[in-house]
Amino acid sequence: ITRARLIKFLKAQSPVESTRNALPKPKQQSGQPVRNFHFQTDLVFVRKPDFVKVNKKFDETIQKFETYIVSTCEVLSGVCRLSYISRKSEAMPHVLRHLREIASQLGIKNLKKYEGSSDSGSECNFKKLRQVMKAWKIVKLGSKVENVNRQIQKRLFQLARGRRGHKLPDLLDQVEKITNNNYNSVHQLTPNEIAEKSKQDDKKE
């Protein structure tokens, strides 16, 4: 199956996660650009005792019992951005930055043309969000971002157990890179590859 056909049915497929890294692939002719982008954001709860059990050094680097990860993703491509915060009130600047960074990576020039969603507990300022993206909705559950959140937590603990660091911001940077370079067995592309393809196709129009 060609890459063009894979991109064409991105919209119809549910993302299937694979823990394998992307394999080198030959360059192929560009297919149709992905258009119906949708953004989701959420908070991931981080509890200090869970990490201290893995490595006692986290007792020094995590200052509070409960801190948070701001997780934002684009549903079709799977591109994500992650930020570590100590208070829920710090979330909004990170959400706005995430949206702009992901949009830039995908080649999106005007975010107001696209839709986004979050639940009521994500501490988002919906008035500010709708200034950036008019079609922002409050939903009970964002399936894609919830799936990303599960993967984030799984990979965080894997890295912590593997002694890849004992500071959550450093580990989170690693998790973000892993997630954006994670091979998807349905799309046969990584989120970064899909984003690059979308950006290249956008320039041709």
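Strands S2 and S3 form a hairpin with five residues between them. In its turn, Gly78 has a positive phi of about 85°. The model is predicted: local features need pLDDT of at least 70, side-chain atom pairs count only at pLDDT 80 or more, and totals for chains, interfaces and linings use all residues. Residues are numbered from 1 along each chain as its sequence is written, and side-chain values use heavy atoms, with hydrogens and water left out.

S2 covers residues 66-74. S2 and S3 pair in the antiparallel sense over six bridges; two strands pair if DSSP finds at least two bridges between them. Val70 stands opposite Ser83 in S3. Strand S3 spans residues 80-85, and five of its six residues are buried. Buried means under 20% relative accessible area, exposed over 50%, and partly exposed in between (1.4 Å probe, protein chains only).

**The whole chain**

The protein has eight helices and five strands. Helices (H or I, at least four residues) and strands (E, at least two) are DSSP runs, numbered from the N terminus. Along the sequence the pattern reads α-β-α-α-β-β-α-β-α-β-α-α-α. Of the 205 residues, 49% are buried. Take the contacts (heavy atoms within 4.5 Å) between residues at least 6 apart in sequence: 64% join residues at least 24 apart. The accessible surface comes to about 11100 Å², and 48% of that belongs to carbon and sulfur atoms. The area comes from the Shrake-Rupley method with a 1.4 Å probe.

**Aromatic pairs**

Rings of Phe, Tyr and Trp (its six-membered ring) pair if their centres lie within 6.5 Å; planes under 30 degrees apart count as stacked, over 60 as edge-to-face and the rest as tilted. The count comes to four aromatic pairs. Two of them are tabulated here.

| Pair | Centre distance | Plane angle | Class |
|---|---|---|---|
| Phe37 and Tyr114 | 5.7 Å | 55° | tilted |
| Phe45 and Tyr68 | 5.3 Å | 70° | edge-to-face |

Phe37 and Tyr114 are 77 residues apart and link distant parts of the chain. Phe37 sits in the loop between helix H1 (3-8) and strand S1 (38-47). Tyr114 sits in the loop between helix H4 (91-106) and strand S4 (115-118). Both residues are buried.

Phe45 and Tyr68 link distant parts of the chain too, 23 residues apart. Phe45 belongs to strand S1, and Tyr68 to strand S2. Phe45 has 35% relative accessibility, so it counts as partly exposed. Tyr68 is buried, with a relative accessible area of 8%.

Phe51, Phe58 and Phe157 form one aromatic cluster.
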